[in-house]
Amino acid sequence: MRLIFDSGSTCTAFAVMTEGGEPEFHRLPHGHNAASAPAGTLSSMLSASGVIAAIAPQVNDVDYYGAGCAGHTICHRVKQELVSVFPNARVNVESDMLCAARALFGNRQGIACILGTGANSCLWDGDKVVDNVSPLGFILGDEGSGAVLGRLFIGLLFKGQFPRDVYERFNMKYHLGTADIIEQVYRKERPGAFLASFAPFILEEASRTPEVSRFVTDEFRRFLRCNVMRYERANDLPIGFVGSIAWHFRAYLTNALEIEGLEAGPIIQDPLPALAHSLNKVV
């Protein structure tokens with residue numbers, strides 16, 4: 001039995017693959033970012049799943065693609081936590097960026113991007129990642145991500161940069177004042193996920209408020225200029241996207257690509273099914 005995990009900052013999904021059978025897909029209620037989560041968080045999260053607890057002793061292989069899985073130290077820590085949950089399995093740990101590139105392009109060349117709670121991108125040669133512009137996280141970078149859309153939107157909203165009726169609808173929906181926002185962002189855990197939680201409201205407002213629509217499109221253009229256009233052949237290769245923000249905001253994202261003169265590649269919400277179904281052999 002083989003498990004394939006795709007873990008982002010907000011959600012963790014996994015596929016259960018058995019020889020001769022179709023993949024079974026499951027979701028856990030929480031995500032995991034290896035770069036920022038305390039040690040032991042991942043193993044605790046996985047052990048709490050009834051599905052995983054029931055099958056863990058029978059798992060032979062685990063492929064874990066996770067947010068923040070970069071560098072030997074972090075990947076080794078993640079691997080040790082996985083080994084503690086799946087003691088009989090061969091464990092391989094890779095970045096969620098590799099999962100996205102394989103799902104989007106397989107053995108074809110392209111520029112693969114993640115737009116979810118966080119953001120990332122890479123130049124993919126059909127076999128491996130050959131270049132990666134550091135996303136830098138939602139404070140220094142992560143342009144176009146849910147966390148940054150939320151951070152910028154809230155800042156502009158509370159400083160009166162959008163029409164008054166946008167603020168009134170926000171207040172009616174969330175009942176959050178300045179003190180509440182500051183408490184969540186500066187003093188509570190997972191501020192990025194909190195900021196990204198406003199994405200559905202931003203999407204709704206973008207559909208009826210020109211100022212919000214321009215804000216969204218401009219932020220996606222900023223992602224493209226700061227990240228995608230840094231790669232060689234950016235003007236010649238398709239630009240593909242995975243993630244909830246990319247999927248739900250795809251009309252604005254496609255518009256941003258057109259404005260910047262870039263070729264739109266596939267846009268998918270969840271890379272895991274594409275990756276799982278592409279495997280010719282399961283164990």
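I began with helix α11, residues 210–226. Helices here are DSSP runs of H or I with at least four residues, and strands are runs of E with at least two, numbered from the N terminus. The expected span of a helix is 1.5 Å times one less than its number of residues. With 17 residues α11 should therefore span 24 Å, and its end C-alpha atoms are 24 Å apart, which agrees.

A note on the source: this is a predicted model, in which local features need pLDDT of at least 70 and side-chain atom pairs count only at pLDDT 80 or more, while totals for chains, interfaces and linings use all residues. Residues are numbered from 1 along each chain as its sequence is written, and side-chain values use heavy atoms, with hydrogens and water left out.

I then looked up which residues of α11 are buried (under 20% relative accessible area, with exposed over 50% and partly exposed in between; 1.4 Å probe, protein chains only). They are Val212, Phe215, Val216, Thr217, Glu219, Phe220, Phe223 and Leu224.

Next I took the nonpolar cores, sets of buried Ala, Val, Leu, Ile, Met, Phe, Trp, Tyr and Cys residues joined through side-chain atoms within 4.5 Å. The largest has 46 residues, of which Phe153, Phe220 and Phe241 touch the most other members. A second, separate core of 26 residues includes Val16, Ile52, Ile74 and Ala89.

I turned to the sheet, where two strands pair if DSSP finds at least two bridges between them. I found an open sheet of five strands in the order β3-β2-β1-β4-β5, with mixed pairing. Strands β3 (24–28) and β5 (90–95) stand at the edges with a single partner each, so one side of each has no neighbour in the sheet. Strands β1 (residues 2–7) and β2 (residues 12–17) pair in the antiparallel sense over six bridges. Phe5 has Phe14 in β2 as its bridge partner.

Last came the aromatic rings. Rings of Phe, Tyr and Trp (its six-membered ring) pair if their centres lie within 6.5 Å; planes under 30 degrees apart count as stacked, over 60 as edge-to-face and the rest as tilted. I noted 18 aromatic pairs by this rule. Phe5 and Tyr64 form a tilted pair, 5.9 Å centre to centre with 45 degrees between the planes. Phe5 lies in strand β1 and Tyr64 in strand β4, so the pair ties together parts 59 residues apart in sequence. Phe5 is buried, at a relative accessible area of 0%, and Tyr64 is buried at 1%. Phe153 and Phe215 also form a tilted pair, 6.2 Å centre to centre with 45 degrees between the planes.
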